[in-house]
Amino acid sequence: MVEAVIWDFGGVLTSSPFEAFARFEIERGLPIDIIRRTNAANHFENAWAKFERAEVDLDTFDALFAEESRALGAEVRGREVLPLLSGDLRPQMVEALRRVKQSFKTGCITNNLPANAIGSASGRTLYVAEVMALFDHVIESAKIGLRKPDPKIYRMMTDTLGVDPANCVYLDDLGVNLKPAREMGMTTIKVTSADQAIRDLEAATGLKLRAD
């Protein structure tokens with residue numbers, strides 16, 4: 001029995017920043033996937049993790065990201081990566097969220113950056129008020145000092161919503177963030193496209209989630 005659907009934000013309700021990363025790398029003649037590899041290396045304690053937990057300021061993040069990317073083959077300044085994060089809202093996913101809300105509790109767990117991250121389009125500006133209002137509860141990493149995939153952040157959501165993890169569906173575009181949710185008993189959906197995600201969510205919930 002589904003009680004709640006919990007969503008990631010970037011890459012789920014918006015288009016993935018990975019496309020922007022790839023364009024940036026091609027334009028600069030950088031090694032393919034250098035940004036993603038830098039984000040993935042030591043992902044609990046790297047520059048990205050510390051910035052999303054609001055443990056370092058923008059200047060420190062910029063320098064740390066440059067150092068970490070250099071170690072993987074090419075320097076990329078952290079400041080140059082931040083503007084690449086802003087994706088476009090996916091209207092069909094927002095419509096699916098609206099329909100889900102009519103039947104189930106809704107939550108959003110997002111790894112985000114401090115709202116004052118200068119040069120970043122992914123502070124509060126990314127969180128479109130109309131969409132965020134559709135969630136019963138929102139957890140932002142930069143506000144609480146925890147980020148996915150720390151299991152505690154998922155437990156905070158289910159406790160606040162008052163639901164059993166076994167009765168939850170969780171959507172994210174990153175496998176590493178789906179694993180803790182799955183281990184708690186949630187039904188997980190890895191989002192690779194809006195159409196695929198909606199199909200899988202319809203199957204998991206039994207709802208019709210597309211506009212006619």
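In the predicted model, Val-5 touches Val-100, Phe-104, Lys-105, Thr-106, Gly-107, Val-169, Leu-171, Leu-201 and Thr-205, when residues up to four places away in sequence are not counted. Val-5 belongs to the largest nonpolar core, which comprises 25 residues. Together with Trp-7, Leu-13, Met-93, Phe-135, Leu-171 and Leu-201, Val-5 is among the residues that touch the most other members of this core. At least two core residues are supplied by each of strand S1 (4–7), helix H6 (91–101), helix H7 (129–132), strand S4 (168–172) and helix H11 (194–205). The largest share, five residues, comes from H6. Apart from this core lies another, of 20 residues, including Phe-24, Phe-51, Leu-58 and Phe-61. In soluble globular proteins, nonpolar side chains tend to be buried together.

The structure also contains 18 salt bridges. One of them joins Asp-136 to Lys-101, with the closest N and O atoms 3.2 Å apart. Asp-136 is located in the loop between H7 and strand S3 (137–140) and Lys-101 in helix H6, so this pair ties together parts that are 35 residues apart in sequence. Asp-136 is partly exposed at 42% relative accessibility, and Lys-101 is partly exposed at 31%.

A further salt bridge is formed by Asp-195 and Arg-210, whose closest N and O atoms are 3.8 Å apart. Because Asp-195 lies in helix H11 and Arg-210 in the segment after H11, the pair ties together parts that are 15 residues apart in sequence.

The side chains of Arg-53 and Glu-55 meet in a salt bridge of 2.7 Å, N to O. Arg-53 is buried, at 12% relative accessible area, whereas Glu-55 is partly exposed at 46%. Finally, a network of salt bridges links Asp-59, Asp-62, Arg-70, Glu-75, Arg-77 and Arg-79.

Key:
Residues are numbered from 1 along each chain as its sequence is written. This is a predicted model: local features need pLDDT of at least 70, side-chain atom pairs count only at pLDDT 80 or more; totals for chains, interfaces and linings use all residues. Side-chain values use heavy atoms; hydrogens and water are left out. A nonpolar core is a set of buried Ala, Val, Leu, Ile, Met, Phe, Trp, Tyr and Cys residues joined through side-chain atoms within 4.5 Å. Buried means under 20% relative accessible area, exposed over 50%, partly exposed in between (1.4 Å probe, protein chains only). Helices (H or I, at least four residues) and strands (E, at least two) are DSSP runs, numbered from the N terminus. Contact means heavy atoms within 4.5 Å. A salt bridge is a side-chain nitrogen of Lys or Arg within 4 Å of a carboxyl oxygen of Asp or Glu.
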